[in-house]
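Student: Could we go through the aromatic rings in this one together? I'd like to start with how accessible they are.

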Amino acid sequence: MNLQWLQVCDLNKHYNGIIALEDFSFQLKRSEIVGLIGPNGAGKTTLFNVLNGFVPADSGQIFFNNIELHKKSAYKIANLGVARTFQDLRLIYQISVLENILLSFRNQPGENLVNTFFRSGLCKKAEAKNRDFACVTLKKVNLIDKANHLTSDLSYGQQKLLSLICCLVSGAELLLLDEPVAGIAPEMTEKILSIIKELPKQNKSVIIIEHNMDVITQVCHRVIFMESGKKICEGTPQQVHSNPEVIESYIN
Amino acid sequence: MDYITHILIIIGIYVILAKSLNLIMGFSGLISVAHSAFYGIGAYVSALMTLKYESSFFVTLLCVIVINSLLGIILIIPSFKVEKQYFLFITFAFQVIVFNTLNNWIELTGGAMGISGIPPLVLINWKILSRYEYLLLIGVFVFIICLVCGLIVKSPFNRVLKAIREDEVLALTLGKNIIIYKMTIFAIGSSIAGIAGILYAHYISFIDPGSFTVMESIFIISIVIIGGAGSYWGPVLGAILLVLFPEILRFIGFPSSIAANLRQILYGVLLVTFIMWKPQGLIGSYKFFLRNAK
């Protein structure tokens, strides 16, 4: 079988008889942005939870970079290069903005205590490098003056931006973004969308859940419409937008 | 002078205990009422090994570290299945098991009568007899343990623990193996409590199960919370204040029978007051009982 970069085959997931995913298959190429739309309860977030290992699928397979993700634990999947944000926005609020970013780097030598005690030089070097990179990134998005503030002091929009930045610095190649611009001011939306649009140039792929069709049309190469755990249609934003089933569902 | 030296030694022991519980509680956010069990295991293992096998200090130290690390790792395993609040009950069960073992395994531990005549510590050729020498030894241990804790506090390892104490789901999403982190910190915290046990047993030269009850655990928790959970100097300040506190009561002139009871009541009131109005403690910044304060 010729596997795509991300290949999802026949995923099924039921919660006590309620269908969350039914024979759901799709593929994703490198440097592609795919939008995932559909009504509430269509199974979009469940799909994310299955992809990043929080919820095991009842059946089906997921291949990422030729590695089977199915039944791997969440932290292992993250270390393979899959990052995600959450609809309800998860950050560590009682530490600083900078620390949140530093936390997101993968494979830090200092996170192993043996290295901390016996190879402190190595740890300090890696930490300094990460810190520089984090500061450069914060400068780019104009958050550098907030670097040492508590994360809980940021505005909602800034927090959404920060959670996206955290995904970026982790070096993940696949980003799962759950409503990255819902409920925030227009300028911040612009800023976040411009960052997302740049991602394919850095060889990163994105799956994005979003309700706002304007956003989808702006950033996505391809859109998947799902309802009751099934893929109803797939195509360019324009094609999906003019699909009668989609129109009907959105009017209802 | 002897009195002041004694108080300083006791403060030193509680600084070690509070520092080690702070590693567990302040860093990983798990509340454990089993800390005095680990303290007790350290004391009993050291007392028995020295009395029965005349083993040297470093052998006992190594044994206590190994035993407490293993027990700590075993104790942490259920925390992967249950919510943080219920983990408290598991540590409570562990505490009760250890206390009852110490209290009832009479052939080994002497039961409620305890073990007396524990010889003083001997470090290679240095037999530690006087209180001043003990104070020096405990000072050295406090220094080393503060150094170790300092290294951990500043390390990226601690950053991950902070993430785990606030949001385990996010920590997993970031690719952190939270099982390893919790096991490591619990093993280290328990081992250090064991070291405090060794120092206590040989200093007092008599131990009984009554010194290692759940009340003792709650006393150590009070020190950590009142001082400031998760902060570096918080447990030190807490230990100094709470050890001195009953001594002050004594000087005010309460008869000892009333002072002892009053002490318990005041500790309880203090603990609740801090949890409600100053959850970050005197010099901490982490609001221990407020989750995800946005």
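Student: Is F58(B) buried or exposed, or partly exposed?
Tutor: F58(B) is partly exposed, at a relative accessible area of 44%. Buried means under 20% relative accessible area, exposed over 50%, and partly exposed in between (1.4 Å probe, protein chains only). This is a predicted model, where local features need pLDDT of at least 70, side-chain atom pairs count only at pLDDT 80 or more, and totals for chains, interfaces and linings use all residues. Side-chain values use heavy atoms, without hydrogens and water, residues are numbered from 1 along each chain as its sequence is written, and chains are lettered from A and ligands numbered from 1 in the order written.

Student: How many aromatic pairs are there over all chains?
Tutor: The whole structure has 18. Rings of Phe, Tyr and Trp (its six-membered ring) pair if their centres lie within 6.5 Å; planes under 30 degrees apart are stacked, over 60 edge-to-face, the rest tilted. One of the pairs is F57(B) with F58(B), edge-to-face at 5.3 Å centre to centre and 70° between the planes.

Student: And F57(B), buried or exposed?
Tutor: F57(B) is buried, with 5% relative accessibility.

Student: New topic: which residue has its charged end over the ring of Y232(B)?
Tutor: That's K19(B), 3.5 Å from the ring centre. The rule is NZ of Lys or CZ of Arg within 6 Å of the ring centre and within 35 degrees of the ring normal.

Student: What sits over F86(A)?
Tutor: The charged end of R90(A), 5.2 Å from the centre of the F86(A) ring.
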